[in-house]
Amino acid sequence: MFLKALQARNRAFLEAAIALHQAGRVPAGAYLLDLDTMTENARLMSTEAARLGLDVLAMTKQIGRNPPALDALKAGGVGRFVAVDMACARPIHANGHRVAHIGHLTQIPRHEAAEAAAMRADYWTVFSEEKAIEAARAAHEQGHEQALIARIQAPGDTFYSGHEGGFDAGDVEAVADLLDRTPGGRFAGLTTFPALLFDEASGEARPTPNLETLSKAAEQLAKQGRRDIVINAPGTTSANVMAALANGGATQVEPGHGLTGTTPLHARSELPERPAMLYLTEVSHFHQGPTASAAAFTSTPCSLPTRSRRSWAPMRRRR
């Protein structure tokens, strides 16, 4: 689905990948990253985030296990990183980079909480009182206080399959008080996912009901007297949607596939970020000639229906 975008906007990268493969220098079945373009993409996002007063963290996904990829993003001004899970957090931390956010897409396993606490992440998202206690206790035992973000949800919110869950948004004041009372932890803010979602019909990223849930919960907390809390709003992030997120009350954004120019938006529109990642494969043979073989391929649909409980398969590990 990104081949046309690569051809139109980063043809040199595509040609370099072909040349390297044909020379036997990179194998088939490999992902290739254009580090210079990743740096440019990060710079675009960090500049726009700074203009809007947004804190920007890089959702590294599995490419965060590649040290040069982290270096490239940091060179572009995005030097704090989000880990999908502990398998992603470990190489970020081991390579001397800042683990800024853990626990959101995947809650930290109970017996790995001490290891996570030792990384001293800026933020640790929890979905329940049980997980909040685990995180806070691990931090307390290591002599520091952990900033906790509460994942919230309300009826009608949209989730990817397997990503459901969180505290009841209607109880947000009690949730904030609960996290503040947890020894070793303190309430730092709210989050959801996804706050934006690609709409195939319009070809745009549109706010989900989750963003309104965040906004209303933040208003409740403001009435309680809470100020300067984090409103973390990830999902289909590009420089051109940051204003919409800021207008929706977000204070923190987490671009992921936007950093490599590979969100569904980038496949359909010419956004500021350019494609910087490709999957290299090899045509092993033709069946009934090149034309017939090419016709046998079908394009991957670029759809993810709002409120659907079924994930679009290529997006299962994406943000």
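In the predicted model, the side chain of Asp34 reaches the backbone nitrogen of Asp36 at 3.3 Å. Asp34 is found in the loop that runs between strand S1 (30–33) and helix H3 (35–52). The residue is buried yet has no salt bridge. Arg274 provides the nearest side chain of opposite charge, at 5.2 Å, and a salt bridge requires the nitrogen and oxygen to lie within 4 Å. With neighbours within four places in sequence left aside, Asp34 is in contact with Asn10, Phe13 and Ala276.

A search of the whole structure for salt bridges returns 17. One of them pairs Arg80 with Asp122, with 2.9 Å between the closest N and O atoms. Arg80 belongs to strand S4 (residues 80–82), whereas Asp122 sits in the loop between helix H6 (113–118) and strand S6 (123–126), so the pair ties together parts that are 42 residues apart in sequence. Arg80 counts as partly exposed, at 25% relative accessibility. A second salt bridge joins the side chains of Arg186 and Glu145, at 3.5 Å from N to O. This pair links distant parts of the chain, 41 residues apart: Arg186 lies in strand S9, and Glu145 in the loop between helix H7 (129–141) and strand S7 (146–153). Arg186 is partly exposed, with a relative accessible area of 37%, while Glu145 counts as exposed at 53%.

The side chains of Asp180 and Arg226 also meet in a salt bridge, at 2.9 Å from N to O. Here too the pair links distant parts of the chain, with Asp180 in helix H8 (residues 172–181) and Arg226 in the loop between helix H9 (209–223) and S12, 46 residues apart. Asp180 is partly exposed, with a relative accessible area of 36%; Arg226, at 18% relative accessibility, counts as buried.

Ala100 lies in strand S5 (residues 98–102) and is buried, with a relative accessible area of 0%. By C-alpha positions, Ala100 and Arg137 are 19 Å apart in space, with a sequence separation of 37 residues.

Helix H9 has 15 residues, which at 1.5 Å a residue should span 21 Å; the end C-alpha atoms are 22 Å apart, in agreement with that expectation. Its buried residues are Pro209, Asn210, Leu211, Thr213, Leu214, Ala217, Ala218 and Leu221. Elements that cover these buried residues include S7, H8, S9, strand S11 (204–207) and S12. Just after H9, Gly225 takes a positive phi of about 100°.

Several backbone features were also identified. Most residues other than glycine have a negative phi, and most peptide bonds are trans. Lys61, although not a glycine, has a positive phi of about 50°. Lys61 is placed in the loop between strand S3 (58–59) and helix H4 (67–75), and is buried, with a relative accessible area of 5%. Thr236 likewise is not a glycine and has a positive phi of about 50°. The loop that holds Thr236 runs between strand S12 (230–232) and helix H10 (242–247), and Thr236 is buried at a relative accessible area of 5%. The peptide bond from Phe193 to Pro194 is cis, with omega near 0°. Pro194 lies in the loop between strand S9 (185–191) and strand S10 (196–199).

Regarding confidence, the mean pLDDT of the protein is 91, and 91% of its residues reach 70 or more. Over residues 298–319, by contrast, pLDDT stays under 50. The model has 55 contacts beyond four places in sequence for this segment. Where pLDDT is low, the predicted coordinates should not be read in detail.

Note on methods
Residues are numbered from 1 along each chain as its sequence is written. This is a predicted model: local features need pLDDT of at least 70, side-chain atom pairs count only at pLDDT 80 or more; totals for chains, interfaces and linings use all residues. Side-chain values use heavy atoms; hydrogens and water are left out. Helices (H or I, at least four residues) and strands (E, at least two) are DSSP runs, numbered from the N terminus. Buried means under 20% relative accessible area, exposed over 50%, partly exposed in between (1.4 Å probe, protein chains only). pLDDT is the predictor's confidence in each residue, from 0 to 100. Contact means heavy atoms within 4.5 Å. The expected span of a helix is 1.5 Å times one less than its number of residues. Lys and Arg count as positive and Asp and Glu as negative; His and the chain ends are not counted. A polar contact is a pair of N or O atoms within 3.5 Å; within protein, one must be able to donate a hydrogen and the other to accept it, and residues adjacent in sequence count only if both atoms are side-chain atoms.
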